[in-house]
Amino acid sequence: MTLPSKQEVQTQAEAWIAENWTPEITVREWWARLAAAGYASPALPVHAGGLGWPGDLAATVLATLARSNVLGPPGGLGLLLAAPTIATHGTPEQVQQYVRPILDGTAGWCQLFSEPQAGSDLAGLQTRAERDGDEWVITGQKVWTSTAQTADMAMLIARTDADAPKHKGITYFLIDMVQPGIEVRPLREMTGRAVFNEVFLDGARVPHANILGGFNEGWKVTNTTLGFERAGVGHGGATFTAALPGSRAGDLDKAAASFVGAKGPITGGAVGRRHLHALTELARKSGRVNDPLVRQAIARVHTDYEILRFMGWKAKMLPHQRTGVEGNLAKVFNSSAVANARDAANLLLGPEGQLWESDGVAGMFQEMTLFSPAPPIYAGSDQVQRNVIGERALGLPKEPGPAADTPFRELPKN
Ligand SMILES: Cc1cc2nc3c(=O)[nH]c(=O)nc-3n(C[C@H](O)[C@H](O)[C@H](O)COP(=O)(O)OP(=O)(O)OC[C@H]3O[C@@H](n4cnc5c(N)ncnc54)[C@H](O)[C@@H]3O)c2cc1C
């Protein structure tokens, strides 16, 4: 395939936006057009509805959409995680059935991975799947499930063989969230929002045909999803537009223009250009633009932002230099970048940084302050990322633990 240049991609995208965006267009229609053009996720392979473009060209499309003041693609965990995982491991039927509604935003997805006793030790999960004819019956509990309350579908991992070693008896399912066996209870965070939830599965059903990647092959598929998650969180994390995808979220038939510039459900998880501009604005307004401590704090945020940009660029552009842990490194680095931006803002805001929901710049940093403990935890905690970097990239010895072939049934449970 001959690839266009970045300049050509930008020119084509601008012309396409001029032809397709109207102030009255609904979210549903706009996302349908983005999907049909391949612009919802240009990095996905062509057979899955993308353009098969490398990351830098895909990023050029997204940057052009953002600069043009139009609504971005549907976002959320469907586009970030489910679509690329299904494109990698799915049968042609699964790709056909599930990826398109993610790209056009008509289906919202969540990720049923973490459990009360299985977060960092995800392979220790205890949710069970038992075969019943052409279906599997699921029993267990998941937790911290972002956007479960509006999701139509979920990526679910469950234990299908307790006699196999823990990484080998797991199967990955694509499960319908709207059914009697699934109960979702929102958990309110200190930001005031309830992005994540507890999910109780009690006799929930999923067809055998919805196994992704093979029976008992779920750990391999899970690692594909986790790889996309780390890389997505590390390289920007801007995976949520203000409009939520899916038939249950209620945004599809609203005007797309009403969401442009509005706050999404997660706004404090990454450092962007707007944070840098806002910090400079705060420094000017408070008359502290020449204060060496303030200048140093802003310079550090600027440096972090640039380093993250270059890390992303390297991961996308220089495949021969990849170590395999780019996503882990970016994920850890992003956590400290968010903390540095939070601290710089609070240095300038003083007590105002503790006010609740003030508008504009102060409000943006208040939310970042309250959300900032999350990035070091989600997508696998920073400590666990460091373990992975140590073992896989630096060749350090593995953490001690039971022999890898011990059946799950015989392992001590948390
Ligand atoms: C905002 C947010 C959204 C989330 N969304 C989702 C979602 O949509 N779906 C989903 O499935 N999950 C989600 N999660 C869950 C997230 O993936 C887990 O919280 C994370 O993997 C950590 O697991 P845990 O909370 O069980 O902590 P634990 O695993 O109990 O860890 C507790 C502490 O011990 C440390 N620790 C544990 N093991 C080791 C080790 N081997 N070496 C060194 N330190 C260790 C950890 O770093 C951590 O500091 C979300 C979390 C947050 C905060």
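**Helices, domains and a ligand**

Reply: Let's start with a helix contact: G227, R230, A231, V233 and G234 of α6 meet E326, G327, N328, A330, K331, F333 and N334 of α9. Two residues are in contact if their C-beta atoms, placed from the backbone, lie within 7 Å. Helices (H or I, at least four residues) and strands (E, at least two) are DSSP runs, numbered from the N terminus. Before going on, know that this is a predicted model, where local features need pLDDT of at least 70, side-chain atom pairs count only at pLDDT 80 or more, and totals for chains, interfaces and linings use all residues. Residues are numbered from 1 along each chain as its sequence is written.

Me: What classes of residue make up the contact of α6 with α9?

Reply: Here's the sorting rule: Ala, Val, Leu, Ile, Met, Phe, Trp, Tyr, Cys and Pro count as nonpolar, Asp, Glu, Lys and Arg as charged, and the others, Gly among them, as polar. In the contact of α6 with α9, that gives 4 nonpolar, 5 polar and 3 charged residues.

Me: At what angle do α6 and α9 pack?

Reply: Axes are lines fitted to C-alpha atoms, for helices over the stretch in contact, and angles run from 0 to 180 degrees between N-to-C directions. Helix α6 (residues 218–234) and α9 pack at about 40°, with axes 7 Å apart. Angles under 35 degrees count as roughly parallel, over 145 as roughly antiparallel, 65 to 115 as roughly perpendicular and the rest as oblique. So α6 and α9 are oblique to each other.

Me: Is the crossing of α6 and α9 left-handed or right-handed?

Reply: A crossing is left-handed if the near helix is turned anticlockwise from the far one by less than a right angle, and right-handed if clockwise. The crossing of α6 and α9 is left-handed.

Me: How do the axes of α9 and α10 cross?

Reply: The axes of helix α9 (residues 326–349) and helix α10 (residues 360–371) come within 9 Å, crossing at roughly 130°. That makes α9 oblique to α10. Their crossing is left-handed. On α9 the contact uses V338, A341, R342, A345, N346 and L349, and on α10 A362, F365, M368 and T369. By class, that's 7 nonpolar, 2 polar and 1 charged residues.

Me: And which residues join α9 to α11?

Reply: First the geometry: the axes of α9 and α11 come within 9 Å and cross at roughly 145°, and the crossing is left-handed. N328, L329, K331, V332 and S335 of α9 touch D382, Q385, R386, V388 and I389 of α11.

Me: Which domains is the chain divided into?

Reply: Domain bounds come from an automatic or database domain assignment. Here you get domain 1 (6–106), domain 2 (109–229) and domain 3 (267–393).

Me: How many residues surround the ligand?

Reply: A residue is near a molecule or strand if its C-beta atom, placed from the backbone, lies within 6 Å of it. For this ligand there are 19, the closest being F113, G119, S120, W144 and S381. Helix α11 gives the largest share of the shell, 3 residues. Domain 2 and domain 3 each supply at least three residues to the shell.
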